[in-house]
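Please look through this structure with the notes below at hand. They go point by point, starting from a single residue.

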Amino acid sequence: MKRNTITRLGLCTVLGVLACSKDHAGDRQSAARTASGAVADEKPAPFDAGPVKIALVQYSGAGDYFEQWTAGAREQGKAAGFDIQTYDAQADPAKQASDMDTAIASGVKGIIVDHGLARPMCPMIRKATDAGIAVVVYDVEITQCAPKAVETAQNDADLATLVLTQMAKDLGDGIPVGYVNVFGIAPFDRRDVVWKKFRAEHKWEQKFVTGKFSNAVAADNAPLVAGVLKGNPQVKAIFAPYDELTKAALSAVDSLSLKVAAYGIDISKADIELMTKKGSPWKATATTDPGAVGAAVTRTLALELAGQLGRKEVVFPGALVTQAFLLENRIKNMDDLRAKLPALNLANLSSARWFRSVSF
């Protein structure tokens, strides 16, 4: 279990998302800032002695989400005074564990672990913290095995609730549905809990479950989804709670010329183009700004190293984005979306006056 991550589920609509995000994230935002609330402009140790060497150890894989996340982390790293060495396992769990071991031995003061599987990574994260290295983890379940590390995550329960509430609003109860997910990955597992709840409440008839994680999620899952859809053409909607999985579902639906609505999580410029394409089945997604999240995770490590974080968990709130909202506001890219949906800005989370919080 996470450290009491979700205290309540806020149901945001597009029109009211900013107020709602403030409602269910306000307490987290205030707690995620520096412990004192007012930090001197002078850089604290260890940042007062020049760039601080850290490692970014990523599970990664192909996809827009990871590209945006990494770009945000790197930009914030420069602004905070980090010298970042990056390791990318390309969705290979054994390589990520090996990368972590290399990072520990390299003499870094801090490590960011970006995604990964708990079983291979937990012992390595514990090894790092036991060696006195500050570790901030994003989307790896480490509560029981590595309690000295700081855990960060999107509010996955809220994200799933937002988009599934829209799906229920659009399609109603008692419909045949498909599900594309990968189990054993912390954020996907948290979203799965909400899916099961909605499926039961709305009496959705789950016709299939499929999905695997790889270095090319969309391409590798498209034939899997097409195969199960071919045997279940009566399906009215697919929930695929990661945008690369959603892309796979879109490809499968298109290849079979079926009328099946798709609902996902996460967003990018490519996703916006897919959602706004004429006749697109992708009706809604729930999301944070991946770049803003990568930056916020990096700021969290800066505060942890400076002794100013004061907690072991930071959660990032998200927002609902519907196809109708994108079309009505003529949104073509992430800059357009950020302008129309300021709730995506996380610059005040894990912020301090002694470094610049980057915005996107």
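**Notes on the predicted model**

1. Leaving out residues up to four places away in sequence, T288 touches Q154, L159, I267, V293, F316, P317, G318 and L344. Contact here means heavy atoms within 4.5 Å. T288 sits in the loop between β10 (282–287) and α10 (290–305). Helices (H or I, at least four residues) and strands (E, at least two) are DSSP runs, numbered from the N terminus.

2. Is T288 buried or exposed? T288 counts as buried because its relative accessibility is 2%. The cut-offs are under 20% relative accessible area for buried, over 50% for exposed, and partly exposed in between (1.4 Å probe, protein chains only). The side chains of T288 and Q154 are joined by a polar contact of 2.5 Å. A polar contact is a pair of N or O atoms within 3.5 Å; within protein, one must be able to donate a hydrogen and the other to accept it, and residues adjacent in sequence count only if both atoms are side-chain atoms.

3. A word on the basis. This is a predicted model, in which local features need pLDDT of at least 70 and side-chain atom pairs count only at pLDDT 80 or more, while totals for chains, interfaces and linings use all residues. Residues are numbered from 1 along each chain as its sequence is written, and side-chain values use heavy atoms, with hydrogens and water left out.

4. Now the overall picture. The protein has 12 helices and 12 strands. Of its 360 residues, 58% count as buried. Among contacts with a separation of 6 or more, 74% come from residues 24 or more positions apart.

5. Helix α7 (residues 217–230) has 14 residues. From first C-alpha to last it reaches 20 Å, close to the 20 Å expected at 1.5 Å a residue. The expected span is 1.5 Å times one less than the number of residues. V217, A218, N221, A222, V225, A226 and L229 are buried in α7. What do the buried residues of α7 pack against? Their partners are β6 (176–180), β7 (205–210), β8 (237–240) and α8 (243–256).

6. Helix α8 is largely enclosed by the rest of the structure, because 10 of its 14 residues are buried. These are D243, E244, L245, T246, K247, A248, A249, L250, A252 and V253. The end C-alpha atoms of α8 are 20 Å apart, which agrees with the 20 Å that its 14 residues should span at 1.5 Å a residue. Just after α8, S257 takes a positive phi of about 55°.

7. T246 lies in α8. It counts as buried, at 0% relative accessibility. T246 touches A240, A262, Y263, G264, I265 and W282, not counting residues up to four places away in sequence. T246 and V180 are 66 residues apart in sequence, yet 8.0 Å apart in space, C-alpha to C-alpha.

8. Helices α3 (residues 93–105) and α4 (residues 118–130) pack at about 5°, with axes 9 Å apart. Axes are lines fitted to C-alpha atoms, for helices over the stretch in contact, and angles run from 0 to 180 degrees between N-to-C directions. The two helices are therefore roughly parallel to each other, a label for angles under 35 degrees. P93, Q96, A97, M100, D101 and I104 in α3 meet P120, M121, M124, I125, K127 and A128 in α4. By class, this contact has 9 nonpolar, 1 polar and 2 charged residues. Ala, Val, Leu, Ile, Met, Phe, Trp, Tyr, Cys and Pro count as nonpolar, Asp, Glu, Lys and Arg as charged, and the others, Gly among them, as polar.

Terms used: Parallel < 35°, antiparallel > 145°, perpendicular 65-115°, else oblique.
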